[in-house]
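Have the structure open and follow along.

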Amino acid sequence: MGHSAEVPPDRDPLLADLTPPQREAVLHTEGPLLVLAAAGSGKTRVITRRIAHLIRLGVPAWSILALTFTNKAAGEMRERVSALLGEGRHSRGLTVSTFHALCARLLRKYAEVAALPGLKPDFAIYDTSDQTALLKRVIADLSLSTSNWPPRSVLSAISNAKNELLTAEAFAARAGDFYSRSIARIYTAYERALRTAGAVDFDDLLVLTAMMLERSAEVREDCHRRWQYMLIDEYQDTNKAQFKIASLLIGSDATIPGEGVEGYGPNVCVVGDPDQAIYGWRGADISNILDFEENYPSSRVVTLGENFRSTAPILGAADALIRNNKRRRHKDLFTTRAGGEKPVVVMTRDEQHEAAIVADYLRRVRHESEEPLGWRDMAVFYRTNSLSRVIEDAFRGAGIPYTIARGTSFFEREEVRNALSYLRVVANPADDVSLRRVVNTPSRGIGDTSIDHVQQWASERGLPLLEAMRSAPDIAGLSSRARSSIGTFLEMIDHWTGSGTFMGARISSSLADLVERVIRESGLEAHYLALSKAGKSEADLERPENLAELVSSARQFEIEFDPDADPASFPGADAAREGRLAQVPPLLALLRAYLESVALVADADAVDPEQGSVTLMTLHAAKGLEFKAVAIIGLEEGLLPHSRAQTSDSELEEERRLFFVGITRAMRHLQVSSSRYRTIRGVPERTIMSRFLEELPREHVSFSEQADPFADADPFGDDFDAPPVRRNAGGGTYGMGLSQSGASGPAAGGSGLPIGCRVRHPQFGEGVVVTVTGGMGARATVRFSSVGTKTLVLQYARLSRID
């Protein structure tokens, strides 16, 4: 295989705009390669150019496998490669996938070959809601209490075990105390219930694939014959199972026939940054990237340190912060572009004051920035979701549009989940959790009591619920109406599936047609149209539109589905070499692929950069994104770093990396804030400023003390910049949560607002002061003409006297 391009690099469109390190990574085609890519260093460009370069050299696209962690990243890679290759060049058969999606397709294809216990190719994928419902039933069947064994905690323990590749049997063998033995019992019963339902959870996708590749030489060799070049993005986020899968797919450092050139080792390229390893809490293992050279002794290392995203002051702050970590691979973080404003660290009084400061900051940046900024160019990051509420309140009051990125919101809506549950029953008749969700939705006379009778009858005979329903005439305790309704329900399912054959004139001709039929014939469409006409809420009005959008989603999936890029449809390396490509799979297989794509949507996929609104999201969800203006809130001990990290050096370093990730999302403007007081369970509590703020360099960061307008020194021992106090038309101030006719602090709490005077509030409008209490935390009760009586803390009330 050649290592050089056909034309000089400076004239080669694939290479001309790359830096020397980027070019080195692209041109290295044989043997293991570690690309240490700093934040904003153009790693996606390197990966896509490397894929295009391999294809240009004659490597078949179908023999290249690229793995990443979000559907969004995978889609972007595919689009970039197609654009780079242009007309006349084919990326057909190229597999760009998330780990979970790849595993799902491999299990579909090889489940029977590998003979994995209890797993059939028609398995369903259970999301968190499905897992919780199933686990509650399992716990009850074991005569345990969900109050003593909360499903969320138990699922977390089971997930941790699976991430360590521990089966239920292996976990039980290690269990030495009462808690572990009890978890082992639940884990064993949970796995049995999953297999009875013909289902797997997200962790199973990885664990079962690792098990399959390890146990089956046939499957392993088939994968080796197909994929001879592997690229893995965000390698620092891989866990033990993903590391195992990648290692088995690509082979060892010893040359495997058909896998690279003698002396080079396997053709695996991993790209990542140990400084952005922030998912240790869900099993990611930073040692996978730190030990890459030890695992692959013949590997080459390329470092990408130049940042093309952020200004020099932002990078200076981030670089100084992360140098405090010990477990890392150092690389200089720099930019060749000069200038840029310093990030600002703001000390605020409490969370309401902090929210007002953030709102004011984003308004100011939007209007005063040298380049035009829209709301969509801005984001607010926080350590935990609970911190968003006060920000939301402030934004609503300030008229700032916002969107909360919390994952698969569309697919979590009630009507969409119900439709998907019907489709999952069609795809997998043994999926009891989905069946129980919709068997009486809309209401059709099959109540909980009837289903409980059928469920008990099924459990006694080891049958799936749907199969037991076919014996309804023989089940005691069912009313004649329930038996009739069950019969009608089964007839409906059989019409959609051709009684399980998916053949005949009644079977839908396309995926979109099937989805539309299910929505209409199940009664969901009529049910939600009736709710919409009743107009109980805005959500009710949107439900029919959401069902229509689900049909559009299925149609889009059908149009964009590439069978050659689908490991489950790929005809094999020999067939591909002969030019025989994959066919679009039959309807049932296409339905299962679609349901997988829905189940595997990630948090970052929910962020729409074209929205005209500020994005509110956790620091974890912000990974991989960028915004021109960013505000990071809650820099306090116990929040960031989180309280869980107080006694662990490794967890503290991960919290520092999390802050580093937040900082490096900012392109032009960055504000970081910490509050002196924060309300915990309704009680204001004094906080301790985050130690991370002390690690930010004074030469790159400005500090603004707004917790105490009269302070002349910062808590670090250096002078703060003067707090920006801005005046409104009435002469009052805002930006610090105060607007009391030029008064602030204690002066506003007494004679400044006599009983009976008229005041104006920016959100509630005009009102009359009814009572005033003085001292610390002075309050005023105001009767507003629009919203009634409110009691406000004067320090934060933003009241202006108008008479």
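What follows looks at aromatic contacts, then at arginines over rings, and then at cysteines.

Keep in mind that this is a predicted model. It holds 13 aromatic pairs. Take tryptophan 149 and phenylalanine 178: their ring centres sit 6.2 Å apart with the planes at 50°, so this pair goes down as tilted. For a pair to be called stacked, the planes would have to be under 30 degrees apart, and for edge-to-face they would have to be over 60.

Where do the two partners, tryptophan 149 and phenylalanine 178, come from? Tryptophan 149 is in the loop between helix H5 (128–141) and helix H6 (151–163), while phenylalanine 178 belongs to helix H8 (residues 178–196), so their contact ties together parts that are 29 residues apart in sequence.

Now for the charges over rings. Arginine 108 lies over the face of phenylalanine 123, 3.9 Å from the ring centre. Arginine 282 does likewise with tyrosine 279, and there the distance to the ring centre is 3.9 Å.

On to the cysteines. How many disulfides does the model have? The count comes to 0, going by sulfur atoms within 2.5 Å. Cysteine 103 counts as buried, with a relative accessibility of 0%. Cysteine 757 counts as buried as well, at 4%; the cut-off for that label is under 20%.

Key. Residues are numbered from 1 along each chain as its sequence is written. This is a predicted model: local features need pLDDT of at least 70, side-chain atom pairs count only at pLDDT 80 or more; totals for chains, interfaces and linings use all residues. Side-chain values use heavy atoms; hydrogens and water are left out. Rings of Phe, Tyr and Trp (its six-membered ring) pair if their centres lie within 6.5 Å; planes under 30 degrees apart count as stacked, over 60 as edge-to-face and the rest as tilted. Helices (H or I, at least four residues) and strands (E, at least two) are DSSP runs, numbered from the N terminus. A charge sits over a ring if NZ of Lys or CZ of Arg is within 6 Å of the ring centre and within 35 degrees of the ring normal. Buried means under 20% relative accessible area, exposed over 50%, partly exposed in between (1.4 Å probe, protein chains only).
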